[in-house]
Amino acid sequence: PARRIMRALGRSVQRRFDRRYSRHAWHEPHEGTRQLAFEWLGKDRTNAKTLVVLHGLMGYRRNWYNMAKMLSERHQDIRLLLVDLRNHGDSWGFDGPHTIDACADDLIKLSHHLKTPFDIVCGHSFGGKVALQYAALERHHPIEQMWILDTYPAPALVPNALSGSFQGSDVPKVLQVLSDIKIPIPSRDGLKKELEAQGLSRTVASWLTTNLRPEPQGGYDWKFDVASMKEMYSSYVELDSMATLANPPYTIQKHAPRPQPDRDAKLEWPSLAPRFLL
């Protein structure tokens, strides 16, 4: 109980910081509602399309802030909604199971709560598969466009997603290393050195240090729940989203991806190319 109280205090400090220094609309989820935290860019634009941005595993909404700000400045006909997926960033306290289906259902509930249809959904990596599942499950508000970035839609052909690599990914190794990191983390620099000593690349180690929240008693904790990440990753590599790609539930604006033939030979890219931006 004491640890939970301290973590809650840490989240409260970070939220006050965000509210003070952010000039954009920001939402703090109400206790007990299990509602996703989010941030608007261009919220008050009339007749604008809503573009939802979904981060990847172990990330949070601010990872994509610079890109979203650029899009918002260049395209006055859209407004952007940056979302923290469950048990990431400021979206804490969600109960399991922590699956792609559960993440997609969270988005449906958020859309209904805001009374705002999500016209365009952009998802990166894990967030891309959440976007695909959202398209498959949401039946009330048609989606006009989907931007799926660096996402592998087919299931991984490994017996246990956490026992080996997936498409050259370091995620299983990263999750194992993070499980052994003691909380609170004394410093960002010390964490980076420890992660590199455990065999993670400098790029991955540096990125992970951006996803920390300050603890009131000193040091840092992760902006995500490590145990939930393991469950979500297993769901990511097990879920087959090919049916949604091949037969999207709505008429979706068509763009051609740039395939990697050696890696994606089994995905039948020519038949999928007209349907999504990949």
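Mentor: Helices here are DSSP runs of H or I with at least four residues, and strands are runs of E with at least two, both numbered from the N terminus. The model is predicted.

Trainee: Is Lys-182 buried or exposed?
Mentor: A residue has to be over 50% in relative accessible area to be called exposed. Lys-182 has 71% relative accessibility, so it counts as exposed.

Trainee: What distance separates the C-alpha atoms of Lys-182 and Asp-221?
Mentor: Along the chain, Lys-182 and Asp-221 are 39 residues apart.

Trainee: In which loop is Pro-97 found?
Mentor: Most peptide bonds are trans. The bond joining Gly-96 and Pro-97 is cis, with omega at about 5°. Pro-97 is in the loop between β4 (78-83) and α3.

Trainee: Which elements do the buried residues of α5 pack against?
Mentor: In α5 the buried residues include Val-171, Pro-172 and Val-174. Leu-175, Val-177 and Leu-178 are buried in α5 too. The buried residues of this helix pack against α6, α7 (202-208), β8 (220-222) and α8.

Trainee: At what angle do the axes of α3 and α4 cross?
Mentor: Two packed helices are described by the angle between their axes and the distance between the axes. Helix α3 covers residues 100-114, and helix α4 covers 126-137. Their axes come within 8 Å, and α3 passes α4 in a right-handed crossing. The crossing angle is roughly 65°.

Trainee: How do the residues of the contact of α3 with α4 divide into nonpolar, polar and charged?
Mentor: From α3, the contact has Ile-100, Asp-101, Cys-103, Ala-104, Leu-107, Ile-108 and Ser-111. From α4, it has Phe-126, Lys-129, Val-130, Gln-133, Tyr-134 and Leu-137. The division is 9 nonpolar, 2 polar and 2 charged.

Trainee: Over the face of which residue does Lys-129 lie?
Mentor: Lys-129 is among the α4 residues that meet α3. At 4.8 Å from the ring centre, Lys-129 lies over the face of Tyr-236.

Trainee: Over the ring of which residue does the charged end of Arg-62 sit?
Mentor: The charged end of Arg-62 is 4.2 Å from the centre of a ring. That ring belongs to Tyr-65.

Trainee: What is the angle between the planes of Trp-222 and Phe-224?
Mentor: The chain has 4 aromatic pairs. In the pair of Trp-222 and Phe-224, the rings are 5.3 Å centre to centre. Planes under 30 degrees apart count as stacked. This pair is stacked, with an angle between the planes of 20°.

Trainee: Are Trp-222 and Phe-224 buried or exposed?
Mentor: The cut-off for buried is under 20% relative accessible area. Trp-222 is at 2%, so it falls below that cut-off. Phe-224 is also at 2%, so both count as buried.

Trainee: Which residues do ring pairs link into a cluster?
Mentor: Tyr-233 and Tyr-236 are 3 residues apart in helix α8 (residues 226-238), about one turn of the helix. Both tyrosines are buried. Their rings are stacked at 6.5 Å centre to centre, with 15° between the planes. The cluster linked by ring pairs is Phe-126, Tyr-233 and Tyr-236.

Trainee: Is Met-58 buried or exposed?
Mentor: Met-58 is in the loop between β3 (49-54) and α2 (65-74). Its phi is near 70°, a positive value in a residue other than glycine. With a relative accessible area of 4%, Met-58 is under the 20% cut-off and so is buried.

Trainee: Is Lys-115 buried or exposed?
Mentor: Lys-115 has a positive phi of about 55° although it is not a glycine. It is found in the loop between α3 and β5 (120-124). Because its relative accessibility is 73%, Lys-115 counts as exposed.

Trainee: What share of the residues in the chain is buried?
Mentor: The chain contains 11 helices and 8 strands. Of its 278 residues, the buried share is 49%.

How values were computed: Residues numbered from 1 in each chain as written. Predicted model: local features only at pLDDT ≥ 70, side-chain atom pairs only at ≥ 80, totals over all residues. Heavy atoms only, no water. Axes fitted to C-alpha atoms, helices over the stretch in contact; angles between N-to-C directions. Left-handed = near helix turned anticlockwise from the far one by under 90°. Contact = heavy atoms within 4.5 Å. Nonpolar A, V, L, I, M, F, W, Y, C, P; charged D, E, K, R; others polar. Phe/Tyr/Trp six-rings, centres within 6.5 Å; stacked < 30°, edge-to-face > 60°. Buried < 20%, exposed > 50% of the residue type's maximum accessible area, 1.4 Å probe, protein only. Lys NZ or Arg CZ within 6 Å of the ring centre and 35° of its normal.
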